[in-house]
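Here's a quick tour of one structure, taken a piece at a time. Have the sequence and the 3D view open as you read.

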Amino acid sequence: MPEATALDIPADIAIRLSRTMMLIRQFEEKIVDVYGVQDMKTPVHLCIGQEAIAAGVCENLRTDDYILTTHRGHGHCLAKGASPRELYAEFYGRRQGCARGKGGSMHPVAPECGVLGASAIVGGSLPHAVGAALAIKMQGGDRVAVAFFGDGATDEGVFHESLNFAALKTLPVIFVCENNFYAVSSPILARRCNDNIVLHAQPYDMPNEQVDSMDVLKVYHAAHRAVARARAGEGPTLLECRTYRWKGHVGPEADHEKGCRPKEELEDWMQRCPVEYLNQLLLAEGIITEEALAESTREIERELDDALEFARQCPFPDPREVLENVYYTGA
Amino acid sequence: MPWTKVYLNVEEMADTLQKEGLRGISYHEAILEAQAQAMESDDRVFIMGEGVDDPGGIFGTTLGLAERFGKDRVMDIPVAENAMTGIAIGAATVGMKPVFVHMRNDFLPMCMDQLVNHAAKLCYMTGGRLHVPLVVRAIIGRGWGSAAQHAQAFHALFMHIPGLKVVMPSTPYDAKGLFLAALDDGNPVMFIEHRWTFNAVGYVPEEMYRVPLGEGIIRREGEDVTIVALSQQVYEAMKAAAILEADGISVEVVDPRTLKPLDEELILSSVSKTRRLVIADVAHRTGSVGAEIVCRIAETSADILVAPIRRVCFPDTPIPASPVLEEAFYPGADDIVEAVREIVKGS
Ligand SMILES: Cc1ncc(C[n+]2csc(CCOP(=O)(O)OP(=O)(O)O)c2C)c(N)n1
Ligand SMILES: [Mg+2]
């Protein structure tokens, strides 16, 4: 554990960040626990280790702001306020799932809190955030849109096309790249000439920051600046959030168990657990107590147990529903 | 009825319309008018595309719109079709109604990911919680050596994709009416226009009206053979029908207008009557719309045909450049006449 730096945000925000990260961590760990039963029939891309990004960014957002996410999107949805019940129900393929059992783990959606969906095509949802930002600009107001995506997405042309257009039209969008240094098992330097994703902002004169995302406070501040610029009509920002995923690309095992990367690498990163880091800081500053933290953990556990139970009790869709929702047929 | 009529020459059109006191305008003017009225009546509508605000105005179809509605609503865009399609999708999911114009169909493969994986899927993948009201205007070119990458048509490809709708208007009346219906539809609609129909003229009401998606139309009634003709081939089929009439062969011309959803009933009822079928398309043979139509007939009414079907379509080769090769490549009225004679004679 590195030395805790002084807490430089109000205590209530810090407590919320902690709570959001714990919610995400426990939400994902619960999936790890039940996945072996093989009744959650959906490919899960867990974000354990990366929680600070979802929490730090979304803490700056309002319900009427939009986010777009990816195959690794559980954390983003939770941080934006999506219901754990509806998420789990979706993963169990149930009718009360957020996508009525049509999307699974890779396509969560929660329009009521600004989650405009997720694409499992790498880079696919990036331009949707730009489009939402274009709509915001046309419709007026100070809402913003956020695109979450991985380092792999920066290999795709659509990433570059999206940045260009957002900068060209000064759109209120924040590009949040979660650079976990891998796309499936391909290390970033096997795919790109350098691993500095922020450099891509330069040709577009786009403000950018490379953020150590094991420290949620750093993420929070960087996102705060980006969101403020976007709300003020000053256009897009590229944030490169450096992070690490603890689990494998898909499923509950770790990559070293599959021989995809060295165990030591994971262990080094695990020394810098983002949840632990903030909680230690809060304890050191006397903002929370050990007891409060334990209670918080138990409370989240109860909420998630309830959500999981709800999901398992939900009915499956009627098989006839397979033919529904192909086309929109009116509100 | 004036709105179902296909006019093969301008004089005939002018004459008839004048007699009936109706307004005749061209196909490209009809599209221009439809877009202008849509933008006038609905703030959510905007047009985007490479060169939509240039002096040519996309063959006249966007002429003057940028001046009238501003360049924010009639938006020139980067040459980045995939992201721009995704951007249109994103805007559509939050209440806008984008119209994306492509000068050529051939550029659509650049945005196949956003069209096929995203526009077509979002409604289903989200259990109906999002939908994508998007009209993609895709223009088919032809001639003057346009060659392999500037004259293709992809309606068969798009027709294969659940979640997309595919429209191919042939007349000015349908161009306007189907455009406005497509814009109201709430789903991604591939609106495929053929350059060679742009100067066709016909009756087009001044007010806004809709031609429902999924309703085909009989362009000419006949007894002996049905020609299902798509887009510009409707004109070739009408010419062929006139030639064949002189031979004593009575031809029915069916224009499906929408390919997805397809007016199967209309096609089936026509073919049930004539018991012979020729399909005239503006694309390659293999995996074509014609193949789908024939399959649907075979699935429900395998025994109605008394003669082999014929497809008048592009050969399975890329499109060539030389005028001589183009002439050899493109099928027209002559080929339709020949196809009809073959199957009428043989049965
Ligand atoms: C267009 C496309 N190509 C390939 C894949 C297969 N694939 C799924 S996830 C992934 C890696 C994504 O890496 P990254 O964007 O860094 O996200 P991460 O999984 O690391 O969060 C790949 C290549 C895909 N889903 N889409
Ligand atoms: Mg990655």
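## Around the ligand

Keep in mind that this is a predicted model. Ligand 1 has 15 residues around it, and the closest are Arg72(A), Val122(A), Gly150(A), Gly152(A) and Ala183(A). Sorted by class, that shell comes out as seven nonpolar, five polar and three charged residues.

## Helix H9 of chain A

Helix H9 of chain A covers residues 274-284. Its buried residues are Pro274(A), Val275(A), Tyr277(A), Leu278(A), Asn279(A), Leu281(A) and Leu282(A). What do they pack against? Four helices of chain A: H1 (11-35), H2 (51-58), H7 (216-231) and H10 (290-313).

Ala284(A) also belongs to H9. Is Ala284(A) buried or partly exposed? It counts as partly exposed, because it has 13 C-beta neighbours inside 10 Å, while a buried residue needs 20 or more. Its C-alpha atom is separated by 24 Å from that of Glu301(A), 17 residues apart along the chain. Just after H9(A), Gly286(A) takes a positive phi of about 75°.

## Where chain A meets chain B

The contact draws on 34 residues of chain A and 31 of chain B. On the chain A side, the elements giving two or more residues are strand S2 (115-118), helix H5 (126-139) and helix H6 (157-168). H5(A) gives the most, with ten residues.

Conventions:
Residues numbered from 1 in each chain as written. Chains lettered and ligands numbered in written order. Predicted model: local features only at pLDDT ≥ 70, side-chain atom pairs only at ≥ 80, totals over all residues. Near = placed C-beta within 6 Å. Nonpolar A, V, L, I, M, F, W, Y, C, P; charged D, E, K, R; others polar. Buried ≥ 20, exposed ≤ 12 C-beta atoms within 10 Å, placed from the backbone. Contact = placed C-beta atoms within 7 Å.
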